[in-house]
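Me: Before I rely on the labels attached to this model, I would like to go through them one by one and ask what each rests on. Please set the values against the definitions as we go.

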Amino acid sequence: MKYLLVVLLALMSSPVWAAPANDAFATATVVTTGTRSGTNVGATAEAGEPVHAGIPGAKSVWWTWTPTTSGTATISTAGSSFDTVLAVYSGGVLPALTPLAYSDDITTGTMASRVTFGVVANTTYRIAVDGYNGATGGITLSISLGAGTSRSENDDYADRAALAGDYTVGRGSSRTATVEPGENSVFHNVEDDFDYIGWSSNSVWWTWTAPRAGEVAITNAMVINQAFSGDYLYAIVEVFRSDASTIDDLPSVPIGDLSSTFATRSTASLTMTVAAGEVLQIKTSSWDAEYGAQITLTIEMDPEVIINDTFLKRSSLGTSNASLAANNAGASADVGESDHAGSTASRSLWWSWTAPADGYVTIDTLGSLIDTTLGVYTGTVIDSLVEVASNDDASLIPLITTSSVHFAVQKGTVYQIAVDGKAGAEGSIHLGVTFITNSVVITEQPQSASVFTGDPVVFTVYTTGAPAVYDWQRKRAGSKTWSHYSNGVTSPPALEGKQAISTLTINAVTGAMNGDQFRCVIANEANQVTSQSATLTVISLRTYEGSAVSFSIADAFLPLPPATTITYYASNLPPGLTLNKNTGQISGRIAKSGTYTITYWAVTVTGGVKTQTSTRTYVLSARSYPKVISGSFEGLLVKISGVPVGKLELLVAPENGSFSGKLIYREKTISLKGLLTLNSSSAPTAGEATLALANSLTLAITVENDSTMTATLAGSNGPIGDIGGDGVLVKTYTTVAPAPWQGSYTVAFTDAVGGPEGSGYAIGVIDRYGRLQLKGKLSDGTVLTAVTPSDGGALPTFRPYVQLYSNKRGFISGWLPLSVRSAGSNLYHIETSTGMDVYWAKPAISTDKMYKTGFGPVGVNVVMEPWIATRNPYLVGPLGLVTSNSQTIGNFTLSLEQTGGVSNTGANPEKLPVLMRMAPSGAVSVTSSDDNPTNPRKWAVKINPDSGYFSGSFILRNNRKVIFEGVLLQLPVGINDFGRGFFHAPIGSTLSAGDVLFSGPEIP
């Protein structure tokens, strides 16, 4: 069914529950570091609220966080059940917030969001989580705080880095950079008349004074940090012509450029004319990069002279680290110069560098604008140099064509460095030289951690220096002795950039480890260093969310003396939990949410002597069953052909996932009762249950955390029917907030292909609670009565399953989607897809006067239009009919069709009149026309203007009486078929049905 996709999408983005407690900025939930869960189901956007990360959502919820120490914070929505958008702000007033960091997806194809940025102690940060394009669901929000530099060195305007000279290069990182108060975070590009691309994030500042007049090229080359190479960015450079000392005094709009490639390596550049002594303030930033990037900012004036083109004129870099810019345009290869990294020398430049001590050096061309090759040599003669290291492309990523080498060096050795353009490439080159001694240096210390009993914990140390041995050690609480820790898992040292990383992983901590300390001793041939100690805090509090509980208190009393028996006891167990006194295992399901403090102890028997241990406590916090998988659900069970075979109605309790309901299948209505089990206690994604029913039937039910229900009904021969995501949460409106589409309607069932020629009608009412009530008759004479609730869509779909006949084998069932009749209208209607949405099945019943052999299921079209009752006899206006003059109300066409019987279409001995007239009183009469025969006679027609119901009869010349009934439809102007129903004509001892259609008007 085509419309089902639209309905499901609407369900996923429409409010179902009351707004969360932290929906509004003013009612934000206060949080600390750690992980907590939440939801944005039912959330809304506020007036003045920013569009988070530039992504429209309007389903935001808020938290506030005030760290007690400065450092580098990471906030993540990993584990959430939907596509999230994350943004962090400073400020206390919603319309005047300053964005600090934001994220849509952690990496391409990942729906979770994550930001990393520097924070200052005792500063309040505002955290907003929204849904991408209005997506909703369960939220997992994690906040961690690490030590280290809280922000990039030149993050703020006041701390901008100064550059000088004709050729100069600045290097840095924007990983922990922020947007400061007063900084415009909207990117501008005045020269290209392009003033918005999104928020520029991770900005850092530079300043440069022109040494002379001329043309200057300013280039921001950015590469994602190696550890996060799955991210992508646009590089941005913005230049302000100003010597302003504060950010507030800068011009409102700078000159800017945005890179054309969204990738792990992007470059933005611009060229401008400057006067001697003119001061430029330069902002480098990126768009949509979670972690920022490594930055190489190049300022280059009139690059015409090549100094170090030849080996003999190579430039000396001395013994220190280097970061410089150059240009190889017009350079050439020396006579006798060898290939570099396997590529023929063509546009090479040369430098020399002397190692200040034994250690390691990294030489790279990161930030170059051309495809480079790099070679490092020893020797003093061009044609007899000895290669030490070489490289073409430092990365397997196709867009990164810069070069990098890393190797050990000896004190006093002179190294010759050649940088060339691959295949003759010319342009800007950046050369970096970074030296580290052999000595181990700890760059990031292990951090203390707090975890629950049974959970894992990881301690990490970062170092630089020559390869080393890492020995992780433990000191037990109350002890003074450190010892090698062998029970944890230590990873082999791995490289992140130029740092080595070693980790200690403890898969499941125990209560006995509370207060233990851990450290790492790192040693190589040059030195040995010891990290600071990290303290492990083991928390006995355990939180359960609508799921089974199972844990042991026995560990608290082990080890035991030999030949000892033990019996466990506990008091204040919450309802639903039991204790096994022999094993100490506590298990079950907590029946009601709340916080419970359990007191437990043990009695030991050793050598016939009983001893009772001191009592201990364990705190349990049981949260309610997730609301998104509780409530009233319904769905139609469908065969592979798309035809319904039954209906499932389910009521799930919010406390513990218990449910009740019923299954309607064939002639049976089966009562259901059971308990949904969450498929994960920490991050629930679904409640699941499988029931064994009578007659070898099984019913598997799943309620997803997007408030949808799926189910499979199976018998001994395999699947019978499925609810494949069409199971919905029932929406209940109230007297205070009634359904907006409540009112009276007329309903016509038509075109039952393979079934009766006339299908039926009903009078419909949608009450204030959103329920659709139908009362009418089908053309086989069966009375139709149905009441069905609405789902929670912006425009609901009704899912009736009505058992029509005494043996309950037949039914009328399907999907009735409500829609707006026309744009801007407050009128609603239903018009189903031809033969696809509603099905009618009739069993064989030998005593029936019509369709004894039965039929179906056959597809039935349904048209439901609002009926606005008229309080006067003039129905012509409400029906959209026109008049030929003020005296004549109007004629309309009567169409009756019955194969082989009464008809006014085609050649037929029982041909009927084709024109009828509606008088001002509302009465309908037969009119005359040139080809109108006299058959039939004795017409009688009645119309109820309050409901739209009509009925009547006529007698044919052979005295057969034909009765008909149906409803009028108040259709938009220009649609002529305004009356639909059926007629019954006697044929022998049986009745046969035909279709009645009023079409018009026709003006004589």
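Me: What makes Phe950, Phe954, Phe964, Phe978 and Phe998 one group?

Reply: Phe950, Phe954, Phe964, Phe978 and Phe998 form one aromatic cluster, where rings of Phe, Tyr and Trp (its six-membered ring) pair if their centres lie within 6.5 Å. The structure holds 24 aromatic pairs. In one of them, Phe950 and Phe964 have ring centres 6.4 Å apart and planes at 50°. This is a predicted model, in which local features need pLDDT of at least 70 and side-chain atom pairs count only at pLDDT 80 or more, whereas totals for chains, interfaces and linings use all residues. Residues are numbered from 1 along each chain as its sequence is written, and side-chain values use heavy atoms, with hydrogens and water left out.

Me: Why is the pair of Phe954 and Phe964 called tilted?

Reply: Planes under 30 degrees apart count as stacked, over 60 as edge-to-face and the rest as tilted. The planes of Phe954 and Phe964 stand at 40°, with the ring centres 6.1 Å apart, so the pair is tilted. The pair links distant parts of the chain, with Phe954 in strand 73 and Phe964 in strand 74, 10 residues apart. Strand 73 covers residues 949–955 and strand 74 covers residues 961–968; helices (H or I, at least four residues) and strands (E, at least two) are DSSP runs, numbered from the N terminus.

Me: How do you know whether Phe954 and Phe964 are buried or exposed?

Reply: Buried means under 20% relative accessible area, exposed over 50%, and partly exposed in between (1.4 Å probe, protein chains only). Phe954 has 0% relative accessibility and therefore counts as buried, and Phe964, at 6%, counts as buried too. Phe950 is also buried.

Me: What makes the phi values of Ala58 and Ser707 worth noting?

Reply: Phi of Ala58 is near 60°, a positive value in a residue other than glycine, and phi of Ser707 is near 65°, again positive in a residue other than glycine. Ala58 lies in the loop between strand 2 (34–39) and strand 3 (61–65), while Ser707 lies in the loop between strand 53 (698–704) and strand 54 (708–715).

Me: Why is Ala58 called partly exposed, and why is Ser707 called buried?

Reply: Ala58 has a relative accessible area of 42%, so the label is partly exposed. Ser707 has a relative accessible area of 9% and is therefore buried.

Me: What makes strand 20 and strand 25 edge strands in their sheet?

Reply: The open sheet has four strands in the order 20-27-22-25, with antiparallel pairing. Strand 20 (322–327) and strand 25 (404–409) each have a single partner strand, so one side of each is left without a neighbour in the sheet. The twist averages 15° from one strand to the next, where axes are lines fitted to C-alpha atoms, for helices over the stretch in contact, and angles run from 0 to 180 degrees between N-to-C directions.

Me: How do you know that strand 20 and strand 27 pair?

Reply: Two strands pair if DSSP finds at least two bridges between them, and strand 20 and strand 27 (residues 428–437) are joined in the antiparallel sense over six bridges. Ala322 stands opposite Val433 in strand 27. Strands of a sheet pair through backbone hydrogen bonds, either parallel or antiparallel.

Me: What makes Arg160 a charge over the ring of Tyr157?

Reply: A charge sits over a ring if NZ of Lys or CZ of Arg is within 6 Å of the ring centre and within 35 degrees of the ring normal. Arg160 lies over the face of Tyr157 at 4.1 Å from the ring centre, and Arg314 lies over the face of Phe311, also at 4.1 Å from the ring centre.
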